[in-house]
Amino acid sequence: MSPPLNLAITCFPTFGGSGMVATEIGLAMADRGHRVHFIARDLPVRLHGMTRKVIFHEVTESDYPALAHSGTYPLALASKMIEVASYEHLDILHVHYAVPHATAAWMAREVLGNQAPRIVTTLHGTDTTLVGTDPTYLPITRFSILRSDVVTTPSAFLRRATWEGFSIPPESLPIEVIPNFVDTERYAPRRDRAHVRALFPNLGDGEPVLIHVSNFRPVKRIGDVVSIFTRVHREHPCRLVMIGDGPERSPAERRVRELGLEDRVAFLGKQESFAEVLAASDVFLLPSEQESFGLAALEALSCGIPVVASNIGGIPEQVEHGARGYLAPMGHVEAMAGHVLALVRDPERWRRFSHNARQHVLERFQLAPAIDRYEAIYRRLAGGA
Ligand code: GMT
């Protein structure tokens with residue numbers, strides 16, 4: 001049997017897809033007997049309440065006044081990586097989201113020399129499409145990605161976008177596509193309407209519930225979520241559940257109040273666990289402008305909830321139009337509302353899509369095969385390849 005590996009993971013600790021994926025990988029590796037460290041600014045959300053399974057190293061910055069606003073986090077992170085790698089003899093440093101994690105990992109490796117762990121960088125989306133290719137960060141992000149030992153992306157779309165966005169010829173940077181995955185037991189079909197009735201006490205029996213989950217950033221087009229809902233509601237009374245928080249939440253809440261629809265829309269804010277509400281809903285909305293993958297849509301599909309989304313980024317790699325949901329050009333709220341109506345007005349169609357969605361996730365997006373692939377990368381690198 002191969003010896004356990006000593007692995008460190010760096011990610012954003014907040015409610016974002018990249019942090020969730022990173023945490024699940026770490027926990028799964030710990031389950032497989034590897035020694036797993038997390039190096040981050042704060043305890044990742046899904047590690048709360050966990051004891052001893054993984055080891056957490058908090059990155060703290062100096063509060064020296066002259067350093068205020070000088071963005072020293074990458075230096076503090078690199079120093080912590082050096083410290084942990086030195087006394088824990090790390091084999092692998094797996095960083096999620098290139099900015100600034102891949103750069104900190106590269107700095108740490110420069111300092112550690114031949115004692116350095118091998119670096120795996122998983123790109124997640126905006127680190128390529130938005131932040132990374134912003135001229136402010138482009139040269140250093142491109143360099144750090146190229147210096148990683150292995151680079152992975154959750155979709156073929158993001159692999160292409162990385163090659164193109166950073167002007168990297170594919171032959172000089174092989175990128176492995178490892179699709180994101182979902183815990184199919186936690187996100188399982190459970191049509192227990194009590195979970196949505198708790199939010200809407202006077203919910204009618206056949207009244208559909210639409211749902212959206214995100215970080216409410218401009219790329220999510222929260223205004224489109226509300227527009228799709230209002231159009232559907234006009235034709236077919238329904239409800240909307242909004243989970244998450246971010247800059248677009250207040251304007252959306254204001255608009256819902258102005259429309260007099262506040263008793264039909266529930267804004268729940270950030271929720272650590274929402275699988276039951278998701279599984280009790282009817283259609284998941286994701287009209288984003290950018291989405292390298294769309295983890296929340298995968299969680300919905302896993303619960304057997306059809307998805308209506310924009311036809312962008314990596315979404316078509318999981319949502320097949322006309323089979324597990326519907327896709328429309330970004331911003332076409334009329335078309336998306338039409339697709340929602342097609343689902344909620346036709347229970348037979350909804351059941352077919354729901355079944356297809358769950359089956360597809362069970363066949364393609366389970367946790368174990370994805371973890372096998374990450375583990376194979378770690379083993380290959382630790383073995384000197
Ligand atoms: O946009 C978000 O939801 C947050 C962001 C992140 O960095 O956590 O998500 C990105 O990574 C997720 C996990 O791989 C993907 O599912 C999201 O599609 C991706 N977001 C974008 O590309 C905008």
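**Contacts, a helix crossing and salt bridges**

Guide: Leaving aside its neighbours within four places in sequence, P218 is in contact with P247, E248 and E289, where contact means heavy atoms within 4.5 Å. The model is predicted, so local features need pLDDT of at least 70 and side-chain atom pairs count only at pLDDT 80 or more, whereas totals for chains, interfaces and linings use all residues. Residues are numbered from 1 along each chain as its sequence is written, and side-chain values use heavy atoms, with hydrogens and water left out.

Visitor: Where does P218 lie?

Guide: P218 belongs to the loop between strand 8 (209-213) and helix 8 (222-235), with helices (H or I, at least four residues) and strands (E, at least two) taken as DSSP runs numbered from the N terminus.

Visitor: What makes the arrangement of helix 1 and helix 14 parallel or perpendicular?

Guide: The axes of helix 1 (residues 17-31) and helix 14 (residues 367-382) come within 10 Å and cross at roughly 80°, the axes being lines fitted to C-alpha atoms, for helices over the stretch in contact, and the angles running from 0 to 180 degrees between N-to-C directions. Angles under 35 degrees count as roughly parallel, over 145 as roughly antiparallel, 65 to 115 as roughly perpendicular and the rest as oblique; helix 1 and helix 14 are therefore roughly perpendicular to each other.

Visitor: Which residues meet there, in helix 1 and helix 14?

Guide: From helix 1, E24, I25, A28 and M29 meet L367, I371, Y374, E375 and Y378 of helix 14.

Visitor: Why is the pair R32 and D372 called a salt bridge?

Guide: The term asks for a side-chain nitrogen of Lys or Arg within 4 Å of a carboxyl oxygen of Asp or Glu, and the closest N and O atoms of R32 and D372 are 2.8 Å apart. R32 lies in the loop between helix 1 and strand 2 (35-40) and D372 in helix 14, so the pair ties together parts that are 340 residues apart in sequence.

Visitor: How do you know whether E334 is buried or exposed?

Guide: Buried means under 20% relative accessible area, exposed over 50%, and partly exposed in between (1.4 Å probe, protein chains only), so E334, at 53% relative accessibility, counts as exposed.

Visitor: What makes E334 and R231 a salt bridge?

Guide: Their closest N and O atoms are 2.8 Å apart. E334 lies in helix 12 (residues 333-344) and R231 in helix 8, so this pair ties together parts that are 103 residues apart in sequence.
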